[in-house]
Amino acid sequence: MTSQLDYKLNDDDVKILKYLSRNTNKTVYQSELWKELKLDSRAVSRSLQKLESMGFVRRKEAVVNGRKTFLIEPENQKIQETLTALRTQGPGAEFEGVLDIVCVSCPFIYRCYQGGYYDPTNCSMLSEYIKKQVETASKLVKPSS
């Protein structure tokens with residue numbers, strides 16, 4: 001199996017691959033990807049160039065709202081194989097699902113409590129995360145006809 005070190009993937013590269021694997025049915029443009037992931041646009045551009053050279057994605061020129069950008073076409077099978085390899089190697093693999101929870105990277109985590117100004121019961125980021133998790137799980141469990 002291929003490891004993160006075999007491809008020399010950095011954290012931004014892995015974050016992009018994870019995002020693409022979770023959003024397989026969504027049209028993804030480079031100009032929106034950095035905003036979604038809260039990364040520097042130049043870092044995303046460099047990562048996508050590297051991922052394209054490695055065969056993880058194809059970028060096709062596009063114009064969105066009058067501005068040039070790239071449509072990102074992921075190679076889903078290669079991405080899934082690599083992410084599976086990353087989850088099964090080394091320490092930290094047992095925390096894979098936990099680290100994706102939006103609360104882990106929230107800047108307000110230490111001021112967040114029930115009834116407070118930052119309240120998890122009213123958090124739009126947490127609600128959106130849960131909604132995506134439910135959608136993903138429902139796609140995996142298809143009822144038999």
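User: Which loop is the place of Asn65?
Analyst: This is a predicted model, in which local features need pLDDT of at least 70, side-chain atom pairs count only at pLDDT 80 or more, and totals for chains, interfaces and linings use all residues. Residues are numbered from 1 along each chain as its sequence is written, and side-chain values use heavy atoms, with hydrogens and water left out. Helices (H or I, at least four residues) and strands (E, at least two) are DSSP runs numbered from the N terminus. On that numbering, Asn65 sits in the loop between β2 (57–64) and β3.

User: Is Asn65 buried or exposed?
Analyst: Asn65 is not a glycine, yet its phi is positive, at about 55 degrees. The relative accessible area of Asn65 is 77%. The classes are buried (under 20% relative accessible area), exposed (over 50%) and partly exposed (in between), with a 1.4 Å probe and protein chains only. With 77%, Asn65 is therefore exposed.

User: Happy to stay with backbone angles: what is phi of Lys38 near?
Analyst: Lys38 lies in the loop between α3 and α4, and at 67% relative accessibility Lys38 counts as exposed. Its phi is positive in a residue other than glycine, near 55 degrees.

User: Zooming out, in what order do the elements of the protein chain run from the N terminus on?
Analyst: The protein chain has seven helices and three strands. Read from the N terminus on, the elements run α-α-β-α-α-β-β-α-α-α.

User: Of the contacts in the protein chain with a separation of 6 or more, what percentage comes from residues 24 or more positions apart?
Analyst: The protein chain has 145 residues, of which 30% count as buried. Contact means heavy atoms within 4.5 Å. Among contacts with a separation of 6 or more, the part from residues 24 or more positions apart is 49%.

User: Good one next: is α2 roughly parallel or roughly perpendicular to α3?
Analyst: Helix α2 (residues 11–22) packs on α3 at about 105 degrees, and their axes are 11 Å apart. Axes are lines fitted to C-alpha atoms, for helices over the stretch in contact, and angles run from 0 to 180 degrees between N-to-C directions. Angles under 35 degrees count as roughly parallel, over 145 as roughly antiparallel, 65 to 115 as roughly perpendicular and the rest as oblique. So α2 and α3 are roughly perpendicular.

User: How many nonpolar residues are there in the contact of α2 with α3?
Analyst: On the α2 side are Lys15, Ile16 and Tyr19, which meet Leu33, Glu36 and Leu37 of α3. Ala, Val, Leu, Ile, Met, Phe, Trp, Tyr, Cys and Pro count as nonpolar, Asp, Glu, Lys and Arg as charged, and the others, Gly among them, as polar. The contact of α2 with α3 thus has two charged residues, no polar ones, and a nonpolar count of four.

User: What distance separates the C-alpha atoms of Phe70 and Gln30?
Analyst: Phe70 belongs to strand β3 and is buried, because its relative accessible area is 19%. Leaving aside neighbours within four places in sequence, Phe70 is in contact with Val28, Tyr29, Gln30, Arg59, Lys60, Glu61 and Ala62. Phe70 and Gln30 are 40 residues apart along the chain, but the separation of their C-alpha atoms is 5.3 Å.

User: And what distance separates the C-alpha atoms of Phe108 and Tyr118?
Analyst: Phe108 is in the loop between α6 (96–99) and α7 (124–140). At 28% relative accessibility, Phe108 counts as partly exposed. Phe108 and Tyr118 are 10 residues apart along the chain, and their C-alpha atoms are separated by 7.1 Å.
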